[in-house]
Amino acid sequence: MACAAARSPADQDRYICIYPAYLNNKKTIAEGRRIPISKAVENPTATEIQDVCSAVGLNAFLEKNKMYSREWNRDVQYRGRVRVQLRQEDGSLCLVQFPSRKSVMLYVAEMIPKLKTRTQKTGGADPSLQQGEGSKKGKGKKKK
C-alpha cells in the first residue's frame with residue numbers, strides 16, 4: 001500500500017467532504033456548523049450542495065448513505081455528503097476562485113437559497129382551491 005504522501009490530489013479519496021451540517025444555520029458550532037451563522041442556510045441537503053458545486057464547474061459527487069458523525073437525527077433529509085475535487089493531478093487548483101474548503105462552503109451556502117427548488121412557492125395558498133365553502137354540516141336542528 002502506498003504511503004499517504006504518494007497519493008495524487010486527484011484521487012477520489014483526497015476530495016474534500018462537505019456535509020449538510022457544515023452549512024446549516026440551525027446547528028451550533030459544537031453540532032458541526034463550520035461557517036458563520038449569518039452566511040449559513042436553513043436545512044441544506046446533500047443534493048442541493050452537489051447541484052451547486054456541479055453548476056459552477058467543480059467535480060463533485062454525492063455519497064447518499066454517508067452520515068455526519070455528530071448528526072443525531074437519522075432521517076433521510078440529513079443523510080449524505082458531497083465529495084468535491086479542489087486540486088488536479090499536478091497539485092494545481094481546479095478553479096482559482098476556490099483555493100480552500102472554506103471558500104467552497106461559503107459559495108455553496110450563498111447559492112443554495114437561489115436554487116429553483118428553494119425559490120418556488122411551497123404549499124397551495126390559492127383561495128380558489130380551498131374546500132368546505134357552502135357546507136352546512138352540523139348547523140341547525142336534527143331531523144327526527
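At what angle do α1 and α2 pack, and how far apart are their axes? Keep that in mind while you read these notes; point 3 has the answer. One caution before anything else: this is a predicted model.

1. **The overall layout.** The protein chain contains three helices and three strands. Walk along from the N terminus and the elements come in the order β-α-β-β-α-α. There are 144 residues in the protein chain, and 31% of them are buried. The accessible surface of the chain is about 10,200 Å², with 50% of that belonging to carbon and sulfur atoms. Now take the contacts between residues at least 6 apart in sequence: 59% of these join residues at least 24 apart.

2. Leaving out neighbours within four places in sequence, its contacts include Ile18, Ile35, Pro44 and Ile49. Met105, Val108, Ala109 and Ile112 are also among the contacts of Leu23.

3. **How α1 meets α2.** Back to the opening question. When two helices pack, we describe them by the angle between their axes and the distance between those axes. For α1 and α2, the angle is about 105° and the axes are 10 Å apart. Angles from 65 to 115 degrees count as roughly perpendicular, so that is the label for α1 and α2. On the α1 side, the residues that meet α2 are Ile49, Val52, Cys53 and Val56. Their partners in α2 are Val104, Tyr107, Val108 and Met111. Look along α2 and you'll find Ser103, Val104, Met105, Val108 and Ala109 buried. The cover over the buried residues of α2 includes β1 and α1.

4. **Arg83, a charged name to look up.** Arg83 sits in strand β3. Is Arg83 buried or exposed? Its relative accessible area is 10%, and buried means under 20%, so Arg83 counts as buried. The side chain of Arg83 reaches the backbone oxygen of Tyr15 at 3.1 Å. A polar atom of that side chain also lies 3.5 Å from the backbone oxygen of Gln12. Arg83 and Asp13 are 70 residues apart along the chain, yet their C-alpha atoms are separated by 8.5 Å. Setting aside neighbours within four places, the contacts of Arg83 include Asp13, Ile16, Asn59, Phe61 and Glu63.

5. **Gln85, in the next loop.** Look for Gln85 in the loop between β3 and α2. Gln85 counts as buried, at 10% relative accessibility. Its side chain makes a polar contact with the side chain of Tyr15 at 3.3 Å, and reaches the backbone oxygen of Arg87 at 3.0 Å. Beyond neighbours within four places in sequence, Gln85 is in contact with Ala10, Tyr15, Leu58, Asn59 and Cys94.

6. **Lys27 and its partner.** Lys27 lies in the loop between β1 and α1. With 11% relative accessibility, Lys27 counts as buried. Which side chain does the side chain of Lys27 make a polar contact with? That would be Glu71, at 3.0 Å. Not counting residues up to four places away in sequence, Lys27 touches Ala21, Arg33 and Glu71.

7. **Asn43, a backbone point to check.** Most residues other than glycine have a negative phi. Asn43 has a positive phi, near 45°. Asn43 belongs to the loop between β1 and α1, and is partly exposed at a relative accessible area of 28%.

8. **Arg101, to finish.** Arg101 is in helix α2. At 39% relative accessibility, Arg101 counts as partly exposed. Apart from residues up to four places away in sequence, Arg101 touches Ile16, Cys17 and Leu86.

Key. Residues numbered from 1 in each chain as written. Predicted model: local features only at pLDDT ≥ 70, side-chain atom pairs only at ≥ 80, totals over all residues. Heavy atoms only, no water. Contact = heavy atoms within 4.5 Å. Helix = DSSP H or I, 4+ residues; strand = E, 2+ residues; numbered from the N terminus. Buried < 20%, exposed > 50% of the residue type's maximum accessible area, 1.4 Å probe, protein only. Polar contact = N/O pair within 3.5 Å; in protein donor to acceptor, adjacent residues only side chain to side chain. Areas by Shrake-Rupley, 256 points an atom, 1.4 Å probe, with all protein chains shown as cover. Axes fitted to C-alpha atoms, helices over the stretch in contact; angles between N-to-C directions. Parallel < 35°, antiparallel > 145°, perpendicular 65-115°, else oblique.
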